[in-house]
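Here are a few notes for when you next have the viewer open.

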Amino acid sequence: MKLYSMLLASSLVILSCKEENTTTIGDTNNLEVEATFTPTTEAEKVAYANGLANWKDVKQLDFTFNVDRNGATVASRSWSWKPVTNDVTMIAAGDTISYNRATVDSTSMQADQGFINDKYWLLAPYQLVWDEGTSIKVTDSVMSPLSRKQTKKLTLLYGNEGGYTPGDAYDFYYGDDYVITEWVFRKGNATEPSMVTTFEGYKNIEGLSIATDHKSEDGSFRLYFTDVNVIK
């Protein structure tokens with residue numbers, strides 16, 4: 001399978017942004033107070049440990065998605081996304097494509113597939129609560145595939161309909177701090193992994209905790225982000 005096809009196949013997103021972490025309640029003096037949202041599910045705990053509470057303030061997110069194989073760069077795409085309006089701009093190989101995700105057509109579909117894939121890698125912890133049509137299973141203690149340490153595992157399985165790659169599964173490995181350390185992608189919910197990488201190079205960018213680096217066990221594959229910028 002070509003790398004580009006593999007990368008596109010490695011994500012499925014049906015956006016239903018559950019972004020708010022507070023509820024505004026009017027008091028008797030017509031003042032507004034905030035009721036703090038407390039994560040209860042494992043998916044919510046992972047998402048909020050990685051800064052989802054701060055997502056509601058994001059007006060624009062810029063980032064560059066890069067892939068190296070055996071030390072050579074084989075993919076690089078820059079994105080600018082305005083989540084409120086869903087306006088997206090891609091710059092890749094000297095071409096610029098701008099579109100709105102509400103009106104994806106034949107001219108923007110390939111770019112949108114790339115955006116969904118790249119954004120998924122960047123914001124994977126948030127997709128756990130954003131995405132609909134999924135089922136989640138949590139295992140309290142398993143051995144992780146790369147570090148061979150006892151960790152928790154959250155398996156996210158997508159339904160067989162909708163999105164670009166239905167039926168795929170992801171295994172997220174994380175500790176008591178709910179920070180993801182590695183994951184497994186299983187295309188079509190296959191038993192054997194299609195891809196296994198680390199989650200590392202975490203950076204706090206305007207309150208969003210983002211893993212900017214992902215590597216295979218032998219180091220021959222590296223997917224990483226540069227120029228990540230959050231505008232509030």
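Which residue in β9 does K152 stand opposite?

1. It's Y174: K152 stands opposite Y174 in β9. Bear in mind as you look that this is a predicted model. The strands to check here are β8 and β9, which run antiparallel and are joined by six bridges.

2. Now zoom out to the sheet. Its five strands go in the order β7-β8-β9-β10-β11, the pairing is antiparallel, and the sheet is open. β7 and β11 (195–198) are the edge strands, since each of them pairs on one side only. Ignoring direction, neighbouring strands here are turned by 15° against each other on average. As a reminder, strands of a sheet pair through backbone hydrogen bonds, in either a parallel or an antiparallel way.

3. Next, the helix on that sheet. α2 packs on it and touches β7, β8, β9 and β10. The direction of α2 makes about 105° with that of β8.

4. How buried is α2? Six of its eight residues (the helix covers 42–49) are buried, so α2 is largely enclosed by the rest of the structure. The buried ones are E42, A43, E44, V46, A47 and Y48. "Buried" here means under 20% relative accessible area.

5. What do those buried residues pack against? Besides β7 (134–143), β8 (150–158), β9 (169–174) and β10 (180–186), they pack against a helix, α4 (124–130).

6. One last thing to click on: G51 follows α2, and its phi is positive, near 95°.

Conventions
Residues are numbered from 1 along each chain as its sequence is written. This is a predicted model: local features need pLDDT of at least 70, side-chain atom pairs count only at pLDDT 80 or more; totals for chains, interfaces and linings use all residues. Side-chain values use heavy atoms; hydrogens and water are left out. Buried means under 20% relative accessible area, exposed over 50%, partly exposed in between (1.4 Å probe, protein chains only). Helices (H or I, at least four residues) and strands (E, at least two) are DSSP runs, numbered from the N terminus. Contact means heavy atoms within 4.5 Å. Two strands pair if DSSP finds at least two bridges between them. Axes are lines fitted to C-alpha atoms, for helices over the stretch in contact, and angles run from 0 to 180 degrees between N-to-C directions.
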